[in-house]
Amino acid sequence: MTDTHKKARSPGEAIYLEARGARTTSEQLLPLLALLKEDENETGGPLDELKGILHALIEGLRYQNGILERLDAACASASSSPISDVST
């Protein structure tokens, strides 16, 4: 961990601490870059698996959106239809 909460004594030290924190963060992101370096001919890699998961999520959301649209239409037609005044 870096000393991100350390107070800088000068503007130069503030720049140094910020650059050091940025370097640490960028080094932690290196595994994500490895995903992008997959071979063009390779299939079934981690990036393809992630794309498949995202595609499944999008399809699920589309299905739910369709259901919500039908419910909205049903509620709108039910609220606009006259209510019978039959008393029991």
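## Salt bridges and a nonpolar patch

Ile53 is found in helix 3 (residues 46-80). Helices here are DSSP runs of H or I with at least four residues, numbered from the N terminus. The model is predicted: local features need pLDDT of at least 70, side-chain atom pairs count only at pLDDT 80 or more, and totals for chains, interfaces and linings use all residues. Residues are numbered from 1 along each chain as its sequence is written, and side-chain values use heavy atoms, without hydrogens and water.

Ile53 is partly exposed, at 46% relative accessible area. Buried means under 20%, exposed over 50%, and partly exposed in between (1.4 Å probe, protein chains only). Leu50, Ile53, Leu54 and Leu57 form a nonpolar patch on the surface, with about 370 Å² of accessible area together. Such patches take residues with over 30% relative accessible area and no salt bridge, with nonpolar side chains (Val, Leu, Ile, Met, Phe, Trp, Tyr) joined within 5 Å and like charges within 9 Å. Areas come from the Shrake-Rupley method with a 1.4 Å probe.

The structure holds three salt bridges. Each needs a side-chain nitrogen of Lys or Arg within 4 Å of a carboxyl oxygen of Asp or Glu.

| Salt bridge | N to O distance |
|---|---|
| Glu13 and Arg9 | 3.3 Å |
| Arg23 and Glu27 | 3.0 Å |
| Glu59 and Arg62 | 2.7 Å |

Glu13 is buried at 14%, whereas Arg9 is exposed at 72%. Arg23 and Glu27 lie four residues apart in helix 1 (residues 11-28), so about one helical turn separates them. Glu59 and Arg62 are three residues apart in helix 3, again about one helical turn. Glu59 is partly exposed at 35%; Arg62 is exposed at 55%.

Technical notes. Helices (H or I, at least four residues) and strands (E, at least two) are DSSP runs, numbered from the N terminus.
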